[in-house]
Amino acid sequence: MLRRPARMQYAALCYRIRKKTKSPEILLLTSRDTGRWVIPKGWPMQGKWAHEVAEREAYEEAGVKGKVQKAAIGSYVYKKRMDHGLKIPCKVQVHALEVDSLCKNFPEKGERKLEWVDCEEAARRVAEPSLKELILGFGKRMAAAHPPEPAASEV
């Protein structure tokens, strides 16, 4: 049986580093159709690189601005339900985006619920197994890069 190759999408794994614990938090949002927890993602755009698409989707869907990494941190696959009911396989290339500001107004404001959670909670909430693994791996790399500062009593 012939299969079409997976359609490509680009996503932003939006994160911030908590000041006290130095641990990363991930921004999750609900999808508009089913209300499941996802990260901002979208289809390729004419004249834009993959990381630029991810950055734009993060702004449009979640109202965040920040520094996006050009190199992807990984990818995951899922089945996208189209308007006519057909499910198509999609491969999503993920780019890390360190959030430095939240916008009061953005295109999809009020259409989604947004929540900052730690990496373990983010992995529990998303449905796609390969996205769960990607989030947990990202959390481990970030924890190694940002070790917590010793408490004042330990110094």
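Predicted model: local features only at pLDDT ≥ 70, side-chain atom pairs only at ≥ 80, totals over all residues.
User: How many residues does helix H3 have, and what distance does H3 reach from its first C-alpha to its last?
Analyst: Helix H3 covers residues 129-145, which amounts to 17 residues. At 1.5 Å a residue, a span of 24 Å is expected. The distance from the first C-alpha of H3 to its last is close to that value, at 25 Å.

User: Within what arc do the buried residues of H3 fall, seen down its axis?
Analyst: The buried residues of H3 are Leu131, Leu134, Ile135, Phe138, Gly139 and Met142. Viewed down the helix axis, they line one face of H3, because they fall within an arc of 135°.

User: Which residues are exposed on the other side of H3, and which helix is included in what covers its buried residues?
Analyst: On the other side, the exposed residues of H3 are Pro129, Glu133, Lys140 and Ala144. The cover over the buried residues includes strands S1 (7-17), S2 (24-30), S6 (74-81) and S7 (87-102). It also includes a helix, H2 (119-125).

User: Against which strands do the buried residues of helix H1 pack?
Analyst: Helix H1 comprises residues 50-62, and its buried residues include Val53, Ala54, Ala58 and Glu61. Just after H1, Gly63 takes a positive phi of about 70°. The buried residues of H1 pack against S1, S2, S4 (41-42), S5 (64-68), S7 and S8.

User: How many of the residues of strand S2 are buried?
Analyst: Pro24, Ile26, Leu28 and Thr30 point one way from S2, while Glu25, Leu27 and Leu29 point the other way. In a regular strand, side chains alternate between the two faces of the sheet. Residues pointing in both directions are buried here. S2 is therefore largely enclosed by the rest of the structure, the number buried being 7 of the 7.

User: How many bridges join S2 to S8, and which residue of S8 is the bridge partner of Leu29?
Analyst: S2 and S8 run antiparallel and are joined by 5 bridges. Within S8, the bridge partner of Leu29 is Leu114.

User: Which residue in the hairpin of S1 and S2 takes a positive phi?
Analyst: S1 and S2 run antiparallel and are joined by 3 bridges, with Tyr15 and Ile26 as bridge partners. The hairpin has 6 residues between its strands. A positive phi near 60° occurs there in a residue other than glycine, and that residue is Lys22.

User: Is Lys22 buried or partly exposed, and what is its relative accessible area?
Analyst: Lys22 is found in the loop between S1 and S2. A residue counts as buried under 20% and as exposed over 50%. Lys22 is partly exposed because its relative accessible area is 24%.

User: Which residue in the turn between S6 and S7 has a positive phi?
Analyst: S6 and S7 pair in the antiparallel sense over 8 bridges, and Arg81 has Lys87 of S7 as its bridge partner. The two strands form a hairpin with 5 residues between them. The residue in the turn with a positive phi, of about 95°, is Gly85.

User: How many residues make up the largest nonpolar core?
Analyst: Nonpolar side chains tend to be buried together in soluble globular proteins. In this model, the residues with the most contacts inside the largest nonpolar core are Leu13, Ile26, Leu28, Ile39, Val94 and Ile135. S1, S2, S6, S7, H2 and H3 each supply at least two residues of this core.

User: Is Arg112 buried or exposed, and what is its relative accessible area?
Analyst: Arg112 is placed in the loop between S7 and S8 (114-118). Buried means under 20% relative accessible area. Arg112 is therefore buried, at 16%.

How values were computed:
Residues numbered from 1 in each chain as written. Heavy atoms only, no water. Helix = DSSP H or I, 4+ residues; strand = E, 2+ residues; numbered from the N terminus. Expected span 1.5 Å × (residues − 1). Buried < 20%, exposed > 50% of the residue type's maximum accessible area, 1.4 Å probe, protein only. Arc of directions from axis to C-beta. Contact = heavy atoms within 4.5 Å. Pairing = 2+ DSSP bridges. Core = buried A, V, L, I, M, F, W, Y, C linked by side-chain atoms within 4.5 Å.
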